[in-house]
Amino acid sequence: MVINRVCTAHIHCDTAHIHCEAMTHAYVTQMQDGCNAARSNAIKCIKEHTISYLASGRTPIKVNPQVKHKVLRGLTDRDIGCLLIPAEDLEDWDADHDAYVYRSR
């Protein structure tokens, strides 16, 4: 009879351990998802504030939301490109945008 109690207690312990592992895994997954969402939101805010800071005092930039490919943004876009280049290169940029982009590749 003592053997049966030990076996029953052992089975209960294993079941509780499996339940505990499942709860821990679910908790860790939720924490990781929360961290990923927070990081994504922080990066989005940084991008928005950086563009606002760089563009302050200049003509507002209008980004075409219909552009699907990122390769068509950046230096290839005149308005966004002038924010990405070093300030000392603005004269070269304004003189010949295409030549500047070609040299930077």
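Among the elements of the chain, which has the lowest mean pLDDT and which the highest? Helix α1 has the lowest, at 73, and helix α3 (residues 90-95) has the highest, at 87. The points below start from there.

1. **Ground rules.** This is a predicted model: local features need pLDDT of at least 70, side-chain atom pairs count only at pLDDT 80 or more, and totals for chains, interfaces and linings use all residues. Residues are numbered from 1 along each chain as its sequence is written, and side-chain values use heavy atoms, with hydrogens and water left out.

2. **Confidence.** pLDDT is the predictor's confidence in each residue, from 0 to 100. The chain averages 75. Of the residues, 73% score at least 70. Look at residues 1-9 with care: pLDDT stays under 50 there. The model has 0 contacts beyond four places in sequence for that stretch. A contact means heavy atoms within 4.5 Å.

3. **Layout.** The chain has 4 helices and 0 strands. Along the sequence the pattern reads α-α-α-α. Helices (H or I, at least four residues) and strands (E, at least two) are DSSP runs, numbered from the N terminus.

4. **Burial and surface.** Of the 105 residues, 11% count as buried. Buried means under 20% relative accessible area, exposed means over 50%, and partly exposed lies in between (1.4 Å probe, protein chains only). The chain exposes about 9200 Å². Carbon and sulfur atoms supply 62% of that area. Accessible areas come from the Shrake-Rupley method with a 1.4 Å probe; for residues, only the protein chains shown count as cover. Among contacts with a separation of 6 or more, residues 24 or more positions apart account for 19%.

5. **A nonpolar patch.** Tyr 27, Val 28 and Met 31 make a nonpolar surface patch of about 310 Å². Patches are made of residues with over 30% relative accessible area and no salt bridge; like charges are joined within 9 Å, nonpolar side chains (Val, Leu, Ile, Met, Phe, Trp, Tyr) within 5 Å. A salt bridge is a side-chain nitrogen of Lys or Arg within 4 Å of a carboxyl oxygen of Asp or Glu. Val 28 sits in helix α1 (residues 2-55). Val 28 is partly exposed, with 48% relative accessible area.

6. **One aromatic pair.** How many aromatic pairs does the structure hold? It holds 1. Trp 93 and Tyr 100 form this edge-to-face pair, 5.6 Å centre to centre with 75° between the planes. Rings of Phe, Tyr and Trp (its six-membered ring) pair if their centres lie within 6.5 Å; planes under 30 degrees apart count as stacked, over 60 as edge-to-face and the rest as tilted. Trp 93 is buried at 2% relative accessibility. Tyr 100 is buried too, at 10%.

7. **Gly 74.** Gly 74 is in the loop between α1 and α2 (78-84). Is Gly 74 buried or exposed? Gly 74 is buried, with a relative accessible area of 18%. Not counting residues up to four places away in sequence, Gly 74 touches Ile 80, Gly 81 and Leu 84.

8. **Asp 98.** Asp 98 lies in helix α4 (residues 97-104). Asp 98 counts as exposed, at 56% relative accessibility. Asp 98 and Leu 75 are 23 residues apart in sequence and 9.4 Å apart in space, C-alpha to C-alpha.
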